[in-house]
Amino acid sequence: MWVILGLLVGVFAGLMTNLYIPPEFSRYLSVAMLACLDSVFGAMLAHMQKTFDVNIFITGFFSNALIAAVLTFIGSLIGVDMGLAATIVFGTRMLNNAASIRRLWFSIRRAKKTEKENNEEI
Amino acid sequence: MDKQKILKRISVLVICAILGFALSMQLKSVYKNELSTNTTIRTEELRRMLTTEKEKNASLYEQVLQMQETIDTYRTSIEQTGSAYQGMEMELENAKKLAGLTDVYGPGITVTLEDANGANMVGPAEYYVIHDSDVRAVVNELLAAGAEAVSINGERVVATTAIRCVGPTILVNNVRSSVPFVIKAIGDPLALEGAMNMNGGIVSELRYYQNKVTIQRSDRIDMKAYTGALTFNHVTSVKKEES
């Protein structure tokens, strides 16, 4: 719930302000945002696995974004499309995380159901 | 609820807000700039187009300057003598140059074509002599490379020049000439020589059949005017009013 609330607040703030990203930086921001999204998915998974750590989340959120953007910038300097590498890596990880979240969610639900049935039997 | 948990939730909220902010900003920018994934490719394409357009623009500008010069000469001649005679004279001079009616000189190249007389000639003898078609091909190549005046064994090539075969010799402007054929061309010597030495061009073909071809650049080539008849029996110019 906090996640959705935060997203809503951010999106509103972004739409309200009259700021625009210059097209030169748009590439870096898009890569950085992929990294951020990946961090959020990772955090959701960690939350369900009860291994969530705020410090790891925050540092990962910013450092991943920064490294992705910097790598893309260096790649553009030497003529290698590092944005593609970041897209593939973060995209794969996001899909993996999403799959893991789905599996975990079902297993948690099944566990709760059996627990309930056990309680009823008793 | 302990302090730790509240801190945790607030940090998650703030980070999600940042993410949402960045997402919406990016979305807006993408819509505004209509970015696509192949932006870099398109940029290069546009840059190339811009360069070609600039070059075209520069050459057109030069043309405009030239035209203005022509207009100026007309104007000054009208002011000085009351008629456009002087300007027209200059234009007539240009037309004569183009038609090959004046003696001219300038930098260019000399191409000499000779029959083969080697020992190991295999096959029909026609392969080893210079034909009118070979001479035509060389002249055509020279003109294509920007030659402004061409002559064959001293005969100036003009608009009505025919190059044809008569037995063992060829006719140029109805004047008989035989090997060696000395073809002179006035133009950019390097460009003309480059056109001659083109891979798979006429010269390499002639050399393949052991015909002797020599190409020589020179800073000054003198060329006589066309001396043939200039009679028009059938052609009549279309006047502006008639068309």
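Two strands are taken to pair if DSSP finds at least two bridges between them, and the helices (H or I, at least four residues) and strands (E, at least two) are themselves DSSP runs, numbered from the N terminus.

1. **Basis of the model.** This is a predicted model, in which local features need pLDDT of at least 70 and side-chain atom pairs count only at pLDDT 80 or more, while totals for chains, interfaces and linings use all residues. Residues are numbered from 1 along each chain as its sequence is written, and chains are lettered from A and ligands numbered from 1 in the order in which they are written.

2. **The open sheet of chain B.** Five strands of chain B form an open sheet in the order 3-2-7-1-8, with antiparallel pairing. Its edges are strand 3 (155-156) and strand 8 (212-223) of chain B, each of which pairs on one side only. Within this sheet, strand 2 (residues 149-152) and strand 7 (residues 181-186) of chain B run antiparallel and are joined by four bridges, with B:I152 standing opposite B:I183 of strand 7.

3. **Two hairpins in chain B.** Strand 4 (residues 163-166) and strand 5 of chain B are antiparallel and joined by four bridges, and B:V172 in strand 5 is the bridge partner of B:I163. The hairpin that these strands make has two residues between the strands, and B:G167 takes a positive phi near 60° there. Strand 5 of chain B also pairs in the antiparallel sense with strand 6 (residues 175-177) of chain B, over three bridges, and here B:V172 stands opposite B:V175. This second hairpin likewise has two residues between the strands, with B:N173 at a positive phi near 55°.

4. **The faces of strand 5.** In a regular strand the side chains alternate between the two faces of the sheet. For strand 5 (residues 169-172) of chain B, the covered face holds B:I170 and B:V172, whereas B:T169 and B:L171 lie on the uncovered one.

5. **Make-up of the two chains.** Chain A has four helices and zero strands, so that its elements run α-α-α-α from the N terminus on. Chain B has six helices and eight strands, in the order α-α-α-β-α-β-β-β-β-β-β-α-α-β. A residue is called buried if 20 or more other C-beta atoms lie within 10 Å of its own, exposed if 12 or fewer, and partly exposed in between, the C-beta atoms being placed from the backbone. On this basis, buried residues make up 25% of the 122 residues in chain A and 20% of the 243 residues in chain B.

6. **The interface.** With contact meaning that the C-beta atoms of two residues, placed from the backbone, lie within 7 Å, 25 residues of chain A are in contact with 24 residues of chain B. Helix 1 (2-16), helix 2 (23-48) and helix 3 (54-78) of chain A each give two or more residues to this side of chain A, and helix 1 gives the most, with 12 residues. By class, the side has 20 nonpolar, five polar and no charged residues, where Ala, Val, Leu, Ile, Met, Phe, Trp, Tyr, Cys and Pro count as nonpolar, Asp, Glu, Lys and Arg as charged, and the others, Gly among them, as polar.

7. **Two residues of chain B that contact chain A.** Leaving aside neighbours within four places in sequence, B:L19 is in contact with A:L7, A:G10, A:C36 and A:V40. B:Q26, which lies in helix 1 of chain B, is in contact with A:I21, A:S26, A:L29, A:S30 and A:M33 when neighbours within four places in sequence are again left aside. B:Q26 is partly exposed, with 18 other C-beta atoms within 10 Å.

8. **The nonpolar cores.** A nonpolar core is a set of buried Ala, Val, Leu, Ile, Met, Phe, Trp, Tyr and Cys residues joined through C-beta atoms within 7 Å. The largest has 29 residues, of which A:V31, A:A32, A:A35, A:C36, A:A68 and B:L19 touch the most other members. Two or more residues come from each of helix 1, helix 2, helix 3 and helix 4 (82-121) of chain A and from helix 1 (3-33) of chain B, and helix 2 of chain A gives the most, with 10 residues. A second, separate core of 28 residues includes B:A147, B:A149, B:I152 and B:M223.

9. **Helix 4 of chain B.** In helix 4 (residues 132-144) of chain B, the 13 residues reach 18 Å from the first C-alpha to the last, close to the 18 Å expected at 1.5 Å a residue, the expected span being 1.5 Å times one less than the number of residues. Its buried residues are B:D134, B:V135, B:V138, B:V139 and B:L142.
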